[in-house]
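Dear colleague,

Please find below the structure that I am handing over to you. My notes on it follow directly after.

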Amino acid sequence: DVQIKVALSSVDIDGALLNLKTECPHWNFNSYVEDAQEKWNEKLNIIQADFLSQDEKVTFYTSLYHTFLGPTLYMDVDHRYKGLDQRIHQANGFVNYTTFSLWDTYRAQHPFLNLIQPKVNADMIESMLAHYDQSAHHMLPVWSHYANENWCMIGYHSVSVLTDAMIKSNPGFDYSRALKAAVTTSNQRFYEGLGAYLDYQFVPENLSGNSVSKTLEYAYDDWCIAQMAKKLGQDSLCGIYQKRAAFYKNQFDSSIGFMRPRMSDGSFKKEFDVLSTHGQGFIEGNAWNYSLYVPQDPKSLMELMGGEKRFIEHLDSLFTMSLPDKYFAETEDIMRDGIIGNYVHGNEPSHHVPYLYNYTSQAWKTQATTRMILPLQYKAKPDGLGGNDDCGQMSAWYIFTALGFYPVAPGSTDYALTSTSVKSATIHLPEGKQFNIVVKNQAINNVYIQSISLNGISLLKPFITHEQIVSGGMLEVKMGAKPNKKLFH
């Protein structure tokens with residue numbers, strides 16, 4: 001038998017040897033296995049949940065495991081690491097992380113960490129700010145990967161992570177420093193059509209591809225910056241970014257009822273297919289899905305699309321229509337398994353969409369839709385995910401949804417409520433607090449909320465706040481097989 005120890009360092013050989021001596025001092029392999037199991041059991045016990053079936057339990061805790069796998073701790077035991085500038089840095093007062101797949105993880109994975117492990121999320125924010133300090137471009141990370149910037153996907157979604165933590169009063173970082181980094185990042189004209197976005201108030205397709213997706217995502221990120229500025233009492237700056245947050249309206253073609261690419265002369269793209277994912281101004285999505293990407297202001301989007309009736313019809317059609325294979329053949333990561341109708345769950349841009357019914361008079365459709373999605377897109381099998389897990393985002397969506405609430409717009413304190421799939425759950429929060437979920441009449445077919453109360457007080461809207469959750473307490477939910485259409489009226 002040959003026994004081998006391996007240690008890594010981004011810094012030097014001495015760093016790798018110190019890591020080895022500190023973290024792997026002996027040769028008892030079984031002891032390391034037991035230690036790892038103990039650490040994972042402690043981590044996974046942060047949420048204790050009971051389900052109708054063993055498969056659901058396996059899926060839930062597999063998802064929780066996936067959600068905790070990233071971002072990646074990136075420093076030696078003496079807190080040294082190689083930075084974006086290729087120099088050696090010391091992480092003073094924080095744990096340095098990398099592997100920030102932010103186009104994916106800003107939606108649910110970082111909000112989950114901000115709820116469950118705010119100190120860890122604050123360390124990740126400090127790591128993003130260190131990246132900014134080391135960046136020759138003066139930008140927060142887009143897709144940080146060890147001592148590199150991958151420039152993968154679009155948007156500047158670091159600002160969403162910073163804002164969500166700030167608005168939810170995570171104390172672990174400097175808010176003014178974070179706002180300065182966010183503002184500077186949002187004005188780097190070289191980046192992905194951003195200069196044109198500032199000049200035209202939308203990204204012209206003839207100047208930068210995937211233009212509609214960029215405009216919509218920049219607008220959301222700008223809304224986030226507005227919330228940061230408002231939090232710090234910078235009203236003038238808040239107004240600037242609130243105006244930018246409304247630029248999404250410039251992409252809407254009212255003659256067809258969809259977001260549509262525009263040219264620098266102001267005209268809409270002539271040849272346009274609302275179902276195609278290729279060359280139509282969108283990235284990893286089509287107009288039918290991406291036209292719903294205004295998480296910061298669903299009510300205004302509803303008005304733009306012609307009112308509640310037309311908005312609901314659009315949502316309904318998404319889950320029931322048939323999408324021919326040719327329309328997603330060129331889209332990476334997606335196969336038929338990741339699609340329900342024309343709703344693409346196996347990729348991220350639509351993850352908030354099932355919750356948009358909550359902004360209408362038909363919140364019960366969110367309950368039915370999420371309970372339909374869960375078993376179709378998540379199974380206790382080797383191929384059980386309907387798409388790429390994307391560093392924990394797919395799994396974080398499952399965790400939130402199974403518990404019955406979801407952060408539609410990170411940067412807001414609201415979570416949209418839905419039908420929980422647990423029989424009961426206890427979320428262990430910081431400072432020894434607990435948030436308990438108790439469900440009556442839970443069954444496979446009982447997908448509709450009949451009544452819901454927090455600490456004995458009925459909830460009158462299909463939303464719950466961050467403060468209500470982190471304060472601890474008891475959420476009591478009664479389920480049934482038919483919708484209670486008067487529940488949130």
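β16 and β17 form a hairpin with two residues between them, and Asn-455 in the turn has a positive phi of about 55°. Strands here, like helices, are DSSP runs numbered from the N terminus (E, at least two residues, for strands; H or I, at least four, for helices). Please note that this is a predicted model, in which local features need pLDDT of at least 70 and side-chain atom pairs count only at pLDDT 80 or more, while totals for chains, interfaces and linings use all residues. Residues are numbered from 1 along each chain as its sequence is written, and side-chain values use heavy atoms, with hydrogens and water left out.

**Strands and sheet**

Ser-453 has Ser-458 in β17 as its bridge partner. β16 also pairs with β19 (residues 473-480), again in the antiparallel sense, over six bridges, and there Ile-452 stands opposite Val-477. Five of the seven residues of β16 are buried, so this strand is largely enclosed by the rest of the structure. Buried means under 20% relative accessible area, exposed over 50%, and partly exposed in between (1.4 Å probe, protein chains only).

These strands belong to an open sheet of six, in the order β1-β14-β15-β19-β16-β17, with mixed pairing. β1 (47-50) and β17 (457-458) stand at the edges with a single partner strand each, so one side of each has no neighbour in the sheet.

β13 (residues 414-417) pairs in the antiparallel sense with β12 (residues 405-406) over two bridges, with Phe-405 opposite Leu-417. β13 also pairs with β18 (residues 463-465), antiparallel and over three bridges; the bridge partner of Tyr-415 in β18 is Ile-464.

**Aromatic rings**

The structure holds 36 aromatic pairs. Rings of Phe, Tyr and Trp (its six-membered ring) pair if their centres lie within 6.5 Å; planes under 30 degrees apart count as stacked, over 60 as edge-to-face and the rest as tilted. Phe-112 and Phe-400 form an edge-to-face pair, at 5.8 Å centre to centre and 90° between the planes. Phe-112 lies in helix α5 (residues 109-116) and Phe-400 in helix α16 (residues 393-403), so the pair ties together parts that are 288 residues apart in sequence. Phe-112 and Phe-400 are both buried. Tyr-200 and Phe-202 form a tilted pair, with 5.9 Å between centres and 55° between the planes. Tyr-200 is partly exposed at 34% relative accessibility, whereas Phe-202 is buried at 5%.

Ring pairs also link a cluster whose members include Phe-112, Phe-400, Phe-405 and Tyr-415.

**Largest pocket**

The largest pocket has a volume of about 610 Å³. On a 1 Å grid over the protein atoms alone, a pocket is an open set of points where a 1.4 Å probe fits, with protein on both sides within 12 Å along at least five of seven lines; lining residues have an atom within 4 Å of a point. The volume is the space filled by probe spheres set on the points, which are joined across faces, edges and corners. Of the 17 lining residues, Leu-8, Asn-19, Glu-23, Leu-73 and Met-75 lie nearest the centre of the pocket. α1 supplies the largest share of the lining, three residues.

Yours sincerely

Conventions: Pairing = 2+ DSSP bridges.
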